[in-house]
Amino acid sequence: MNLFKNEFEEALVNYEKTRAFSLFEKFVRENETAKFIDEIIVEILSSIGNKWHKGNLSLSQVYLSSKICEEIIAKLLPAQPTAPKNSRKTGIVTLEDHHILGKRIVSSTLRSSGFNLIDFGHGISVERMLEKIISEKPEILLISVLMYPSALKVKKLRDELLKNNIEIKILVGGAPFNFDKNLWEKVGADAMGRNATDAVKMLEKWMEAKS
Amino acid sequence: MTTEMSSMERVMTALDFKEPDRVPLFLLFSMYGAKELGLGIKKYFSDPDNVVKAQIYMKEKYRNDCYYASTYVAVEVEACGGEVIFSENGPPNAGRPIIKHSQDILSFDPPKVKQTKCLLNTLEIIQKLKNHSDSVPIIGTVVSPFSLPVMQMGFDKYLDLMYDDRQLFADLMSKNEAFCVEWANAQLAAGATAIVYFDPVSSPSIIPREMYLKTGFEVARRTIPRINGATATHFASGNSLPIIDDIVKTGTAAIGVSSMEDIGEIKQKCHGKLSIIGNLNGIEMCHWSIEDTQAAVKNIITKGAKGGGLVISDNHGEIPFQVKEETLHAIADAVKKWGHY
């Protein structure tokens, strides 16, 4: 199994799509498909995320790996529908700016790990986000930002939510939070993810707490 | 004790790997000038005279060693016909991508500097600063041809292009390189002393070295030698340690380095080959105490100042709007206190 995992990870980080797909096909011929999500994709994307955080891999490798995994899942799921892992309605947004790479990586990783997500879009203002929360009623919101002022807008959103008596778990991520380790608390988030893997872990924890 | 040098002498001596009177300080003020003049950011940038006035004022107020002629990074997208979104407390940001599909690259026309108002504004700023003083380095900026597509087409689509369509990628690089060279040389002709070549995508934080050698490295090797003056390659918070030997080969004179990397280690790899600009954490700086500030400046000086080749600056290439005046004064005080050779 370890040999397979190493090979699959190597195919992902080297962006060898054909090799990654043949490894996946070989695996599901011999194993249950659900096992591929739980034991291979979740673990490998976690390993890739951690290596990026330690500076051993680049952002492009994280992005392309999660993209390949999302394509594999898309191929897998219509044939093998499985219940999503999230018992709580969860959304994701890039607040204020149009830098969407972080959101794409996190979305791909979460979807590849079996979570359903509402995509609230990008370049969304606090006011617009509040409207969307009121109409869609997510219980968990993942906010991705790149610019420091956008990170500060999370505080504004939290204040608006409090004013409107709306309880929602907020998980933040993005460069400003990596450069200032305590920023997530200052802006009123419930947690911070250094990478997409942290987002998976935090969602699993929040889902577990709910059940 | 060396006699006090002008900012120009101080910076040039440091970049020549010699020890000036003290370590030079580059507080890279872009939108911060709006705060100093009490203007909204959009209004501030609408008139070159505002920027000139603020640069001259902030140089004296914070004992800065440069005029930073950069307005906002997204100006290059604005020049390409793109939208710029102004906020009340942050850098103007590029709006929706102008290259929506990779095939749009074929019909994309890079801007002509002399026909583009927003770029002419920057040239006017440089000319006026040059007329004001010859003894202060004027820093111009370009976004590298390799990093500009993040704003032109969006990061995800650009990575897809880089990995999946090398022909269209090459077409875009060719167009961007021509624009970058024209834009950098126009700034130098207007009076800029040197050009900061912002190239965050080349950072190993963003792409692996193997990809860099096939892409950003080659682009830099074609572009930098065509720029008629000194350049400093800046990774805008991205790491650079694993590619320092490669960066040297691009012909650049200095690098802007990340606060995530150890300045001592960088110094060891760069000394005599590349000067270092950095690496104060611009995000943490927003809430630093005086003690935090002193410790951060002292650390850089202790590890990186010996033998010259160091300019103290932030790690991103821009002082955030949220940094307090007291912190900026504390940085200047600390440089004065511990930065003397």
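This is a predicted model: local features need pLDDT of at least 70, side-chain atom pairs count only at pLDDT 80 or more; totals for chains, interfaces and linings use all residues.

Residues are numbered from 1 along each chain as its sequence is written, while chains are lettered from A and ligands numbered from 1 in the order in which they are written.

β5(B) and β6(B) run parallel, joined by 5 bridges. Strands here are DSSP runs of E with at least two residues, helices are runs of H or I with at least four, and both are numbered from the N terminus. Two strands pair if DSSP finds at least two bridges between them.

Stay on β6(B), residues 230-234. Of its 5 residues, 4 are buried, so the strand is largely enclosed by the rest of the structure. Buried means 20 or more other C-beta atoms within 10 Å of the residue's own, exposed means 12 or fewer, and partly exposed lies in between; C-beta atoms are placed from the backbone.

Step to β7(B), residues 254-256. It pairs with β6(B) in the parallel sense over 3 bridges. Pick B:Ala232 and find B:Ala254 of β7(B) opposite.

Select B:Thr141; its bridge partner in β5(B) is B:Val196.

Zoom out to the whole sheet. It is open, with 7 parallel-paired strands of chain B in the order β1-β4-β5-β6-β7-β8-β9. β1 (67-68) and β9 (310-314) are the edge strands, each pairing on one side only.

Next, the helices. Select 263-270 (α13) and 290-304 (α14) of chain B: their axes come within 8 Å and cross at roughly 30°. The two are therefore roughly parallel, a label for angles under 35 degrees. Where do they touch? B:Ile263, B:Gly264 and B:Lys267 in α13(B) meet B:Ile300, B:Lys303 and B:Gly304 in α14(B). Contact means C-beta atoms, placed from the backbone, within 7 Å.

Last stop: the contact between the chains. It takes 26 residues from chain B and 21 from chain A. On the chain B side, β3 (93-94) and α8 (155-164) each supply at least two residues. α8(B) gives the most, with 4 residues.

Technical notes. Axes are lines fitted to C-alpha atoms, for helices over the stretch in contact, and angles run from 0 to 180 degrees between N-to-C directions. Angles under 35 degrees count as roughly parallel, over 145 as roughly antiparallel, 65 to 115 as roughly perpendicular and the rest as oblique. Two residues are in contact if their C-beta atoms, placed from the backbone, lie within 7 Å.
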